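These are my notebook entries on a structure with more than one part to examine. I set down each item that I looked up, in the order in which I took it.

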Amino acid sequence: MNFWNDPLKVAAAWLEGIFTGWGMDAVLAHVLVVFLGVFLLITILMVLDIFLVWIERKVVARFQDRIGPNRVGPYGLIQPFADIIKLIIKEDTTPDGADKVVYNLAPILSMMSVLILWAVVPLAPVMLGIDLNVGVLFLIAAGAIGTLSIIMAGWSSNNKFAMIGGFRQVAVMVAFEVPMLAMLMIPTIFAGSMNMNAIIEAQNVWFFFISPLAALIFLIAAIAELGRAPFDLAEGESELVAGFNIEYSGMKFGMFYAGELLHAFTFGGFWAILFFGGYRFFGLEQVSPFLAILILVIKAMLGYWVIMWVKYTMMRIRIDQMLGFNWKFLTPLSFALVLVTALMNTLLRGADSWLFVTGMFLSNVVVGWIALEIARSVARKERERVEGVKAVEAHH
Amino acid sequence: MNEWLYVALFIVVGMIIPIGAIAAGFIFGPKKPNPIKQSTYECGIEPVGEAWIQFKAQYYIFALVFLVFDVEAVFLFPWAVKLGQLGLYAVMEGIVFVGILVVGLVYTWRKGMLEWV
């Protein structure tokens, strides 16, 4: 066991040796080491978050045919640090009549809900984070805290725009939690476990190739959970000014902003873990844990890039369209997909790997095609009905 | 049980860091409140009335349907975990279970409750 093969255990053993050498209790030393590890991971995430601000601004600039930050430091890399200093020296205002406890707790919970998601992320074969056997459910539970923080911010600000933003976020959560849960069932079925690491271990073939439709629906639900365009109803700059975070200033606003970016990156990471093999890439992850982390970060960045791509290409949809899209299309489709996957999984058990993958892939394509055909024919009927009504009115 | 202790550690550290950042803002930022600055923002005009009014949550029925499906998903997860070891019978049971709920969804739909009013 050397440092390059298992850096975490070596470092932990070394630190525990030092602490017990100081006459510390062994259990206490262990907890202290874990605490330091958690602190290190979260600090790295916060530093990464600072660069995510830069990445997001650069990418949105490219999508909109601009250059983006390019003045402060090389390629504008120092820009986010300047932004942080500005946020810190801004006045921290609390609006009249706000519910102070809830108002101040909301930005903290917003950031915390994202950070604790990383507890279950397996970074490398030897760095599993916390190896929870209900990792998938943990993802949902921690995500719900993020939604809750938005609702808290919207309600406690004593502002009408914020209030409407909070209400809309409830509608989004009510709509997209169900397809998300259903789509988390599909990796669970394939892996036979809710453990994140077991799901990665089971991906000799990436689950994306076994169930592309599930990956797509998961991405849609994840974007809705993030509250990003086209589902950024809670923020809705053009209608609600800034929605739920309208009354926040200074670092409290910064926490919402940074939390949203890190949340998007984190969901890119979970997309990679659930459907793109996480840290695995043709056995490269066995070479060194550092390489495995690099692979995971690259995959998460690609997922994050897709989420940004959607955000800066799509228009915001209306709340009734959002609820209709989910309840009349996505929820029936995702449950149909879960049942078809379960059926195919049982029928193809013991079959060759290539047969399993091909069968699953084709069943996904068929389910998606049937769903689109039904939606298309319903839309055609609706269009004919509306046009018929118009024709009759014109006739009169 | 040990693992959940680590989750608690994550929650603690995950709260300390944002609290630290906000505290830094509180320490270094100016504190000059005045009534106009503290008033809530309504596009530059004087705020009219309260924000905490009775609000018509049009998605009330959606929320009820959501609750049913959310609980259903909790029941389905153990089924999904053990599906690899169970036979076709378990799949059929799953189909029946989801089918009953889909009938409920169709009923809600036909009653016109999934329309935005």
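Predicted model: local features only at pLDDT ≥ 70, side-chain atom pairs only at ≥ 80, totals over all residues.

Entry 1: the nonpolar core. I next asked which residues of the largest nonpolar core touch the most other members. The core has 138 residues, and those with the most such contacts are A:Val172, A:Ala175, A:Met183, A:Met185 and A:Phe218. I then looked up which element gives the most to this core, and it is α6(A), with 23 residues. The core takes at least three residues from domain 1 (1–89) of chain A and at least three from domain 2 (95–388) of chain A.

Entry 2: the two domains of chain A. I noted that the domain assignment places residues 1–89 of chain A in domain 1 and residues 95–388 in domain 2. Over C-alpha atoms, the centres of these two domains are 24 Å apart. Where they touch, domain 1 of chain A contributes 17 residues and domain 2 of chain A contributes 16 residues. On the side of domain 1, the elements that give two or more residues are α1 (7–21), α2 (26–63) and α3 (79–88) of chain A.

Entry 3: a serine in a loop. I found A:Ser157 in the loop that joins α5 (135–156) and α6 (160–191) of chain A. Is A:Ser157 buried or exposed? A:Ser157 has 29 C-beta neighbours inside 10 Å, and therefore it counts as buried, since 20 or more are required. Apart from neighbours within four places in sequence, A:Ser157 is in contact with A:Pro95, A:Ala98, A:Tyr103, A:Ala162, A:Ile246 and A:Glu247. I also recorded that A:Thr94 lies 63 residues from A:Ser157 in sequence, with 8.2 Å between their C-alpha atoms.

Entry 4: the contact between chains. I looked up how many residues each chain gives, and found 54 from chain B and 61 from chain A. On the side of chain B, α1 (2–28), α2 (35–38), α3 (60–82) and α4 (88–110) each give two or more residues. The largest share on that side, 18 residues, belongs to α1(B). By type, I recorded 39 nonpolar, nine polar and six charged residues on the side of chain B that touches chain A.

Technical notes:
Residues numbered from 1 in each chain as written. Chains lettered and ligands numbered in written order. Domains from an automatic or database assignment. Contact = placed C-beta atoms within 7 Å. Helix = DSSP H or I, 4+ residues; strand = E, 2+ residues; numbered from the N terminus. Nonpolar A, V, L, I, M, F, W, Y, C, P; charged D, E, K, R; others polar. Buried ≥ 20, exposed ≤ 12 C-beta atoms within 10 Å, placed from the backbone. Core = buried A, V, L, I, M, F, W, Y, C linked by C-beta atoms within 7 Å.
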